[in-house]
Amino acid sequence: MIDVSKPSVARMYDYLIDGTDNYPSDREACAQLLEMAPSTRELARINRAFLVRAVRYLAQEAGIRRFLDHGSGLPTRPNVHQVARETHPQARVVYIDNDPLVLAHGRVMLEEDLHTTAVIEADFRHTDKIFATPEVGSLMDGEPVAALFVSVLHCIPDSDDPWSLVKDVARRLPSGSYMVISQLASDDPALRDGVTAFMSEITGNQWGRVRSTQEVRRLFDGLDLVEHGEPVEVSAWRPDTDLFPRQQTREWIEFGGVARIP
């Protein structure tokens, strides 16, 4: 059952990027969030553009044909498999999510594409369970894989150790694989605490924490960053146009990058 009387992170994000799979509870929560952090709508669109650029880079320049998308969210064109297949028509993608609406829409979208794309129901913190599925097992054939954690790790509390989660996934991937990571970040403690408290309250504690940029940098420990040598505000990562939305204020940002596993 899907309780649309309470907002969900996936549906709020969908609303912010002009999707159609959201409800009044999600839109009201977004209105309150925009009062606290007015740049949130632009931030969401910037993050989506970063995802597309990162997948296109990995497919075109790094030769990646396998993608594992953690916390994939509601389908929004272009999706990861659509971007990857611009370069590799047989690219294989596994989407992971535990939001019932995401799962329903994802399976409808992919019902005619079951040989190369799959949606599995799992909390992306449960790495053992995920890697034990036949869908993910089929990706682990020795060919490099790109694991995506795009705007999802702030949904994990510190007690679940997102830093160890990233390392655990990285060590399971074949040689030459990549990680794509972005996370909501702010170096303003009051903003971090205020938004974290608000999101925890409205989602029934289905939330983690807005983190400092230094805390996000730690997610890349042991990885070789592509471009810049360090994480960046993601609109600065290999920008391909001057036309995408710009944040007029920087009370928080999406901070991250693309990294190769040595």
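Helix α1 is followed by D18, whose phi is positive, near 70°. Within this helix, which spans residues 9-16, the buried residues are A10, R11, M12, D14 and L16. Please keep in mind that the model is predicted.

Now to the inside. The largest nonpolar core has 33 residues, and those with the most contacts inside it are F124, F149, L153 and M179. Two or more residues each come from β2 (92-97), α6 (127-132), β4 (146-150), α8 (162-172), β5 (178-185) and β8 (253-260). Helix α8 gives the most, with five residues. Another core, of 27 residues, lies apart from it and includes V52, I64, V150 and W237.

Next come the aromatic rings, where the count is three aromatic pairs. Two of the pairs are set out here:

| Pair | Centre to centre | Angle between planes | Arrangement |
|---|---|---|---|
| Y57 and W237 | 5.7 Å | 85° | edge-to-face |
| F124 and F149 | 6.1 Å | 70° | edge-to-face |

Y57 belongs to helix α3 (residues 40-60) and W237 to the loop between β7 (232-233) and β8, so their pair ties together parts that are 180 residues apart in sequence. Together with F50, these two residues form one aromatic cluster. F124 is in the loop between β3 (117-121) and α6, while F149 is in strand β4, so this pair links parts 25 residues apart in sequence. F124 counts as buried at 12% relative accessibility, and F149 counts as buried at 0%.

Finally, two charges meet rings. The charged end of R172 sits over the ring of F131, 5.3 Å from its centre, and that of R218 sits over the ring of W163, 4.2 Å from its centre.

Technical notes: Residues are numbered from 1 along each chain as its sequence is written. This is a predicted model: local features need pLDDT of at least 70, side-chain atom pairs count only at pLDDT 80 or more; totals for chains, interfaces and linings use all residues. Side-chain values use heavy atoms; hydrogens and water are left out. A nonpolar core is a set of buried Ala, Val, Leu, Ile, Met, Phe, Trp, Tyr and Cys residues joined through side-chain atoms within 4.5 Å. Buried means under 20% relative accessible area, exposed over 50%, partly exposed in between (1.4 Å probe, protein chains only). Helices (H or I, at least four residues) and strands (E, at least two) are DSSP runs, numbered from the N terminus. Rings of Phe, Tyr and Trp (its six-membered ring) pair if their centres lie within 6.5 Å; planes under 30 degrees apart count as stacked, over 60 as edge-to-face and the rest as tilted. A charge sits over a ring if NZ of Lys or CZ of Arg is within 6 Å of the ring centre and within 35 degrees of the ring normal.
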